[in-house]
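Here is a short report on one chain. Look over the sequence and the fold first, then read on.

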Amino acid sequence: MESHDSIDCVEGGIEGDRYQSGTGYYSPYDVCEVTFVAREAVEAIRDEYGIDLTDGRHRRNVVLSGVGTDELHDLLGATFRVGDAVFRGTRPRPPCAHVEEVADEEGVTRALKNRRGGICADVSEPGSVSVGDELGVVEEDARSEGRKIADRLRGALGGG
């Protein structure tokens with residue numbers, strides 16, 4: 001893994017990424033266009049397990065700060081923006097044995113469990129993402145949006 005100040009998100013993932021080009025370890029069987037992990041999860045792993053993954057050995061594309069593990073998982077099914085790019089959260093990204101092998105440190109897979117492995121997202125609108133860009137929710141997941149619509153309808157119809 002290599003740190004960048006800015007990345008370009010394009011159809012299918014991150015420009016130049018191994019999965020966007022179809023050369024990733026799990027291509028074409030288990031592909032996440034873009035993977036996100038919470039910095040807070042990486043810090044918790046360091047504190048609880050003594051494993052420092054701040055060098056990118058967690059193998060996720062984008063590290064978000066100020067977003068806890070639960071808040072990150074709330075983005076599943078939601079449309080969200082980071083920088084100029086828009087994403088749709090698709091599924092959790094659990095750890096696998098391969099990540100531990102590549103990290104070359106015992107316990108990485110176990111440490112990334114319990115929602116600390118991050119999430120997968122598809123690129124909905126291409127754009128660039130830079131260090132320091134803020135996360136913004138464009139549209140909550142469909143279930144939450146549906147509840148809001150139902151609540152508005154109940155209110156408009158005088159129901160409770």
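## Terms and overview

Helices (H or I, at least four residues) and strands (E, at least two) are taken as DSSP runs, numbered from the N terminus. The model is predicted. The chain holds five helices and nine strands. Read from the N terminus, the elements follow the order β-β-β-α-β-α-β-β-α-α-β-β-β-α.

The C-alpha trace spans about 60 × 35 × 30 Å along its principal axes. The chain has 160 residues, and 39% of them count as buried. Its accessible surface is about 9,100 Å². Carbon and sulfur atoms own 45% of that area. Among contacts with a separation of 6 or more, 74% are between residues 24 or more positions apart.

## The six-stranded sheet

Strands of a sheet pair through backbone hydrogen bonds, either parallel or antiparallel. Here six strands build an open sheet with mixed pairing. Their order is E4-E3-E7-E6-E5-E9. Which strands stand at the edges? They are E4 (62-64) and E9 (135-139). Each has a single partner strand, so one side of each is left without a neighbour in the sheet. On average, neighbouring strands are turned by 40° against each other, direction ignored.

Strand E3 (residues 34-38) and strand E7 (residues 119-125) run antiparallel. Three bridges join them. In one of the pairs, Phe36 has Ile119 of E7 as its bridge partner. Helix H1 (residues 39-49) packs on this sheet and touches E3 and E4. The direction of H1 makes about 55° with that of E3.

## Salt bridges

Side chains of opposite charge can pair when their charged atoms come close. The chain has seven salt bridges. One of them pairs Glu48 with Arg116, with the closest N and O atoms 2.7 Å apart. This pair links distant parts of the chain. Glu48 sits in helix H1, and Arg116 sits in the loop between helix H4 (108-111) and E7. The two are 68 residues apart. Arg116 is buried, because its relative accessible area of 14% is under 20%.

Asp70 and Arg115 form another salt bridge, 3.8 Å from N to O. This pair, too, links distant parts of the chain. Asp70 lies in helix H2 (residues 69-73), while Arg115 lies in the loop between H4 and E7. They are 45 residues apart. Asp70 is partly exposed at 47% relative accessibility. Arg115 is partly exposed at 42%. Elsewhere, salt bridges that share partners join Asp55, Arg57 and Glu105 into one network. Arg57 is buried, with a relative accessible area of 19%. Asp55 is partly exposed, at 47%.

Most residues other than glycine have a negative phi. Which way does phi of Asn114 go, positive or negative? Phi of Asn114 is positive, near 60°, and the residue is not a glycine. Asn114 lies in the loop between H4 and E7. With a relative accessible area of 67%, Asn114 is exposed.

Arg115 is found in the loop between H4 and E7 as well. Arg115 also has a positive phi, about 70°, although it is not a glycine. This is the residue that forms the salt bridge with Asp70.

## Surface patch and the N-terminal segment

Ile149, Leu153 and Leu157 make a nonpolar surface patch of about 330 Å². Where does Ile149 lie? Ile149 is in helix H5 (residues 142-156). Its relative accessibility is 41%, so Ile149 counts as partly exposed, between the limits of 20% and 50%.

His4 belongs to the segment before strand E1 (6-10). The residue is partly exposed, with a relative accessible area of 43%. His4 and Leu112 are 108 residues apart in sequence. In space, their C-alpha atoms are 22 Å apart.

How values were computed: Residues are numbered from 1 along each chain as its sequence is written. This is a predicted model: local features need pLDDT of at least 70, side-chain atom pairs count only at pLDDT 80 or more; totals for chains, interfaces and linings use all residues. Side-chain values use heavy atoms; hydrogens and water are left out. Two strands pair if DSSP finds at least two bridges between them. Axes are lines fitted to C-alpha atoms, for helices over the stretch in contact, and angles run from 0 to 180 degrees between N-to-C directions. Contact means heavy atoms within 4.5 Å. Patches are made of residues with over 30% relative accessible area and no salt bridge: like charges are joined within 9 Å, nonpolar side chains (Val, Leu, Ile, Met, Phe, Trp, Tyr) within 5 Å. Accessible areas come from the Shrake-Rupley method with a 1.4 Å probe; for residues, only the protein chains shown count as cover. A salt bridge is a side-chain nitrogen of Lys or Arg within 4 Å of a carboxyl oxygen of Asp or Glu. Buried means under 20% relative accessible area, exposed over 50%, partly exposed in between (1.4 Å probe, protein chains only).
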